[in-house]
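Here are a few exercises to work through with the model open beside you. Try each task before you read its solution.

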Amino acid sequence: MKTAILGSVLLLAIPLAAPAAESDLYGTWKLVSLNSKLMDSGQMDQPRGKAPTGYVSFTPDGRMTGIIVNEKRPKPESAAKMTDQQRIELFKTMNAYAGTYKLEGNKLTYRYDATHNEIPVQRALVREIKIEGRKLTMVNEPATGVADGKQRQTSTVWEKVQAPAKK
């Protein structure tokens, strides 16, 4: 009897992940971290560096846009003096996308209308999400990494951006 009561108390003490409300997504989120697991070896890495920059925005009409750039990128002197190699490196150190999203419980599905590389494979990707206050964690289903073509499972953490003060 004591075991059953103790088990019940422990079960109630464990926080369960409640499904996110779609309205909780609305707005702009800034990237805090991006980690990745290589599926063939289980090795963890940070394919965009320790401090990549990125934003993702969700609108009430079901649209989303996002961009993530590597921590270290070329810094061309000017657009007029930019070399083709710098253009290639700038392209290789970012990903950008736009499309629609659908939230079902804690499953967030992106359907891409446009991406930085236009590779037609996997035009829809599923993420498991968790929202805690102003923090959004996404764990992507395994997919081909845009930076290296390897199968990866990426985890990102985002922080909600405060709306600018009205003047």
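The model is predicted, so to speak of local features takes a pLDDT of at least 70 and side-chain atom pairs count only at pLDDT 80 or more, while totals for chains, interfaces and linings use all residues. Residues are numbered from 1 along each chain as its sequence is written, and side-chain values use heavy atoms, with hydrogens and water left out.

**Exercise 1. The overall picture**

Solution. Next, take burial (buried means under 20% relative accessible area, exposed over 50%, partly exposed in between). Of the 167 residues, 30% count as buried. Then go through the elements, which are DSSP runs numbered from the N terminus (helices: H or I, at least four residues; strands: E, at least two).

**Exercise 2. The rings around Y110**

Describe how F58 and Y97 pair with Y110.

Solution. Start with the criterion: rings of Phe, Tyr and Trp (its six-membered ring) pair if their centres lie within 6.5 Å, and planes under 30 degrees apart count as stacked, over 60 as edge-to-face and the rest as tilted. The whole structure holds 5 aromatic pairs. For F58 and Y110, the centres are 6.2 Å apart and the planes stand at 50 degrees, so this pair is tilted. It links distant parts of the chain, with F58 in strand β3 (residues 53-58) and Y110 in strand β6 (residues 107-115), 52 residues apart. Now turn to Y97 and Y110, also a tilted pair, at 5.8 Å centre to centre and 35 degrees between the planes. Here Y97 belongs to strand β5 (residues 94-104), 13 residues from Y110 in strand β6.

Check burial next: F58 is buried, Y97 is buried at a relative accessible area of 10%, and Y110 is buried at 0%. Finally, widen the view: F58, Y97, Y101, Y110 and Y112 form one aromatic cluster.

**Exercise 3. A charge over a ring**

Which residue lies over the face of Y110?

Solution. Apply the test (NZ of Lys or CZ of Arg within 6 Å of the ring centre and within 35 degrees of the ring normal). R127 lies over the face of Y110, at 3.8 Å from the ring centre.

Definitions and conventions
Buried < 20%, exposed > 50% of the residue type's maximum accessible area, 1.4 Å probe, protein only.
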